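Me: I want to learn how to read charged pairs and sheets in a protein model. Can we go through them one at a time?

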Amino acid sequence: MTDKALRLGTRRSRLAMAQSGQVADAVSRVTGRPVELVEITTYGDVSREALAQIGGTGVFVTALRDALVRGEVDFAVHSLKDLPTTQPEELALAAVPVREDPRDVIVARDALKFTDLPRGARIGTGSPRRMAQLNAYARTHGLDIETVAIRGNVDTRIGYVHEGRLDAVVLAAAGLNRIGRIDEVTDFLSVDTVLPAPGQGALAIECAASDADLVAALGELDDPHTRAAVTAERSLLAALEAGCSAPVGALADLFTDGPVIKEMRLRGVVGTTDGSRMVQQSTTGSVPLTHDGAMALGRELATEMLAQGAAGLMGERAH
């Protein structure tokens, strides 16, 4: 095999560079080839509009995929929760490595936990999903909070708390882990309180479908259990006909008996951003052994949620 460097397309953000660097090291180990990072600016990085207004988190993916199709990079790394659920035929999702912590976390002033925030606390997040679930929890537990829409990188968001403009912000544990800032977390939100975004905590490694050798090499990094879980979660999102920015949470848990994985439980939630109406469902079954099996699990749960009125809670449904 050639020792020519592989070109890895990545967004320029600190988090994207950190997770791409980790993948680059792993790809170098399995291929024996050096990997160079190619920084690409996406529309989502330069626009200051709310993600929900500019097409959801897919705006972070298009420029990377375009560079792949044009042959300017050999493979790309995405946060899986940013990937639209429709996979382009010319690109292969070659690997989904072992998932990081999927939970959401709070970074609050005075090291406060979510339930200890003062009345009227202002909590920043750019996610309708987080808003819906935080507001629903507050309603049912007698908390008085205000969710505030924000954009920006990790430094910007945490800065709002340090500057006193917000009492807390909500971030993903995985991102803070990857950039070495998990010690700034003041509270880990249980998935029973806030279900994460479909695919949260997982990475997607994508390359040209026509490059069979590279697809096979990158496939060495694939974790089948993570892939089964996120496939079920993303199938639920797709079957709800909801985009990446819709207020949909989903998580597939694997239940083990010693070293044997016995069952998978898929949970889903959708709600209005003010938390006044929520639909939550779960289904448990044997761990899907195939892509089609994982997809079927997601569609099954989506059907139950739609029967409970989920479609009416998502506003404009994305196709």
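Me: This is a predicted model. Is D274 buried, partly exposed or exposed?

Reply: Buried means under 20% relative accessible area, and exposed means over 50%. D274 has 38%, so D274 is partly exposed.

Me: Which residue forms a salt bridge with D274?

Reply: Side chains of opposite charge can pair when their charged atoms come close. Here the partner is R139, with the closest N and O atoms 4.0 Å apart. D274 lies in the loop between β12 and β13, and R139 sits in helix α4, so the pair ties together parts 135 residues apart in sequence.

Me: How many salt bridges does the structure hold?

Reply: The count is 21. One of them joins R109 and D167, whose closest N and O atoms are 2.6 Å apart. R109 is in the loop between β5 and β6, and D167 is in the loop between α5 and β8, 58 residues apart. R109 is partly exposed at 29% relative accessibility. D167 is buried at 14%.

Me: Now the sheet. What is the order of the five strands?

Reply: Strands of a sheet pair through backbone hydrogen bonds, either parallel or antiparallel. This open sheet runs β7-β6-β8-β5-β9, with mixed pairing. β7 and β9 are at the edges, each with a single partner strand, so one side of each has no neighbour in the sheet.

Me: Which strand pairs with β9?

Reply: β5 does, in the antiparallel sense, over two bridges. There, V105 stands opposite F188.

Me: What does helix α4 touch in the sheet?

Reply: Helix α4 packs on the sheet and touches β5, β6, β7 and β8. Its direction makes about 175 degrees with that of β7.

Notes:
Residues numbered from 1 in each chain as written. Predicted model: local features only at pLDDT ≥ 70, side-chain atom pairs only at ≥ 80, totals over all residues. Heavy atoms only, no water. Pairing = 2+ DSSP bridges. Helix = DSSP H or I, 4+ residues; strand = E, 2+ residues; numbered from the N terminus. Contact = heavy atoms within 4.5 Å. Axes fitted to C-alpha atoms, helices over the stretch in contact; angles between N-to-C directions. Salt bridge = Lys/Arg side-chain N within 4 Å of Asp/Glu carboxyl O. Buried < 20%, exposed > 50% of the residue type's maximum accessible area, 1.4 Å probe, protein only.
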